[in-house]
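Welcome! Let's take a short tour of this protein, starting with a term we will need along the way.

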Amino acid sequence: MTEKFPTINSTLSPNRLGQLIQQKYELTDKTECSIFRLAMNHLYIVHDDENKYVFRVYTHNWRTKLEIEEELRLLILLKEAGRQVAFPIADKSNKFIQEIEAPEGTRFGVLFSYAKGIKTAKFSPQTSFLIGQTLAKVHQSTENIELMRMSYNAQNLLRNPVLRTKEFYSKNTSEIEFLETLSAFLTLKMENIGQQKMRYGAVHLDVWFDNLHIDDEKEITFFDFDFCGNGYLCEEYQIKAESFIKGYETVTQISNEEKKFLPFACLAIMTYYISVQCDRFEYWTNIFLNEDHLKRMVGNLKRWIAYHKIEININ
């Protein structure tokens, strides 16, 4: 008998997955399952007559079962608070997490509600205002909530990611040197922040147009809390900022300390995501992830720094 060759990231059959979902969640015989996106995690669209869901299959060894349980705990808390989020759905045994034995090992799967509306990168000021309002309501519910997941700090947002990026992009010396300087500068900023004036709790950490749907310019729904953890409630925003802030402050005020820290928080998160792309390269292998891509990403950081008139000084 020929030995099965080891794999690191298989693609589960949508047909077989559809059968499994139909059985586990007692859906109708009209259930259809199709691949939506094979990226950091694998996403499948599930149709059951007029009902629509998203089934996320986490890549092997990406998240522990406890980390996923904590993500789902946060989403259920937000749903119960009336916040607009895509929420997990329990199967007929009242289980939220499916364990699937893939060729590379156990993978976890979760069925989520489908976020109403559409995804677009083009926002009107009115929509930006609405996004700010909706995120502020989420933060109202997550303040002082602690998850048994990563607590974001200078070590895991900056120092470790820059080391990982340096390992991956061994040739881009000038860009790496810039990231090292930026990391040292932002570390000082984070360590000297006035913590008593900063709200702290569970954060999404990945709020951008790809992770929200807009329904008829009237309702915003957030999804993909895969990077949720603990941190300051001043998440990255790259949308029409003034309208966003105005909308946010109709719900809850942002302290002056938080407003001053926002541009630096954005730089830290963007630095972190450069390393995440490197770290998961074997699972999604985008051809753009090359030396030129690092230059573009660092160029974005430099434009952000110039726009906010930030002077990097680590002395």
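A residue counts as buried when its relative accessible area is under 20%, as exposed when that area is over 50%, and as partly exposed in between. Both R63 and D226 fall in the buried group. Keep in mind that this is a predicted model.

**The sheet**
- An open sheet is built from 5 strands in the order β1-β2-β3-β5-β4, with antiparallel pairing.
- At its edges sit β1 (31-38) and β4 (98-102), each of which pairs on one side only.
- On average, neighbouring strands of this sheet are turned by 30 degrees against each other, direction ignored.
- Strands β2 (residues 42-48) and β3 (residues 51-57) are joined by 7 bridges, and V46 has Y53 in β3 as its bridge partner.

**Helices on the sheet**
- Helix α1 (residues 14-24) packs on the sheet and touches β1, β2, β3, β4 and β5 (105-113).
- Helix α2 (residues 65-80) lies across β3, β4 and β5, at about 5 degrees to β5.

**Salt bridges**
- There are 17 salt bridges in the structure.
- One of them links R56 and D224, whose closest N and O atoms are 3.2 Å apart. R56 belongs to strand β3 and D224 to the loop between β8 (219-222) and β9 (229-232), so the pair ties together parts 168 residues apart in sequence.
- R56 counts as buried at 5% relative accessibility, whereas D224 is partly exposed at 26%.
- R63 and D226 also form a salt bridge, with the closest N and O atoms 3.1 Å apart. This pair ties together parts that are 163 residues apart in sequence, because R63 lies in the loop between β3 and α2 and D226 in the loop between β8 and β9.

Note on methods
Residues are numbered from 1 along each chain as its sequence is written. This is a predicted model: local features need pLDDT of at least 70, side-chain atom pairs count only at pLDDT 80 or more; totals for chains, interfaces and linings use all residues. Side-chain values use heavy atoms; hydrogens and water are left out. Two strands pair if DSSP finds at least two bridges between them. Helices (H or I, at least four residues) and strands (E, at least two) are DSSP runs, numbered from the N terminus. Axes are lines fitted to C-alpha atoms, for helices over the stretch in contact, and angles run from 0 to 180 degrees between N-to-C directions. Contact means heavy atoms within 4.5 Å. A salt bridge is a side-chain nitrogen of Lys or Arg within 4 Å of a carboxyl oxygen of Asp or Glu. Buried means under 20% relative accessible area, exposed over 50%, partly exposed in between (1.4 Å probe, protein chains only).
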